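Welcome, and thanks for taking a look.

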Amino acid sequence: MTSPAADGDPSPKTSSFGFRDVEATEKVRLVRGVFDSVASNYDLMNDLMSGGVHRLWKDAAAAKLNPRPGETILDVAGGTGDMARRYAKMARAAQQRRGGPDASVIVLDYNAEMIMAGVGKGGEPEMQWSVGDAMALPLPDASVDAYSISFGIRNVADIPQALAEARRVVKPGGRFLCLEFSRPTASAIRRAYDAWSFHAIPRIGGWVAGDRDSYQYLVESIRRFPDQPTFKAMIEAAGFSRVSVTNLSGGVAAIHHGWAI
């Protein structure tokens, strides 16, 4: 977790929680509460946030990561394991084509309720489940071939720290991939998505899941997240190279991909 400022600086570190700025340690607690609340409706949440298109976005992200036999892939904020299942199946298909050892796909999430929901859905033989913090990964340096985080980076209290941790655990030559809601590139798409997200999503979340406030936070968190060029620069500052951006659905979501060189 992110700690308050060091002695000599009386101001604790702050982070955004939706449209509010709160102490970073408080954001950790608040986000945990949100995902405790939505864990049982996680698939519904993704459908509401994306209009059902998140499955296509996840397929595109998994293809971009290109899992291979024998790799160790860390899926941070892995939730109920949607991305990890894709990675495991793709690595196994490649293994069947060309041989090689089994891949290992580690699903790591800060929220135990999300992990439990994922375990309840079932997994693949290559998958492992773990509760852990994106800002203090419980893995050694240079221990994974690929790091993935999907729809999770905007919820951490300290994004640069999470990116630094990603760089620490990725082996030289390894890959970084982030799939996240982003900034629509056309003003018409931006206006339409804002209208849908701010007016419809919290209301539907209240009707269907009985939790308007959590869905309101999730919508606000998207608007507070850095745009594509800003986030690309943050990934580069963490030490990744050859960072590329692939916009999805006109920039409603984006894949950021980089290399540890």
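## Nonpolar cores

A nonpolar core is a set of buried Ala, Val, Leu, Ile, Met, Phe, Trp, Tyr and Cys residues joined through side-chain atoms within 4.5 Å. In this predicted model, the largest such core holds 29 residues, and L74, Y147, I153 and F240 touch the most other members. At least two core residues each come from β3 (72-76), β4 (104-109), β6 (144-150), α6 (159-169), β7 (170-181) and α9 (228-237). The largest share, 5 residues, is supplied by α6. Another core, of 24 residues, lies apart from it and includes I73, V105, L177 and F181.

Which residues does F240 contact, leaving aside its neighbours within four places in sequence? They are L163, A166, R167, V170, F176, I235, W259 and A260.

Helix α4 spans residues 82-98, 17 residues in total, and reaches 25 Å from its first C-alpha to its last, close to the 24 Å expected. Its buried residues are D82, M83, A84, R85, R86, Y87, A88, A91, A94 and Q95. Just after α4, G99 takes a positive phi of about 80 degrees.

E126 sits in the loop between α5 (112-121) and β5 (127-131). This residue counts as buried because its relative accessibility is 8%, under the 20% cut-off. Residues up to four places away in sequence aside, E126 touches A88, R92, A103, S104 and V105.

## S214 in helix α8

S214 belongs to helix α8 (residues 212-224). With 7% relative accessibility, S214 is buried too. Its C-alpha is separated by 7.8 Å from that of P202, 12 residues apart along the chain.

Methods:
Residues numbered from 1 in each chain as written. Predicted model: local features only at pLDDT ≥ 70, side-chain atom pairs only at ≥ 80, totals over all residues. Heavy atoms only, no water. Helix = DSSP H or I, 4+ residues; strand = E, 2+ residues; numbered from the N terminus. Buried < 20%, exposed > 50% of the residue type's maximum accessible area, 1.4 Å probe, protein only. Contact = heavy atoms within 4.5 Å. Expected span 1.5 Å × (residues − 1).
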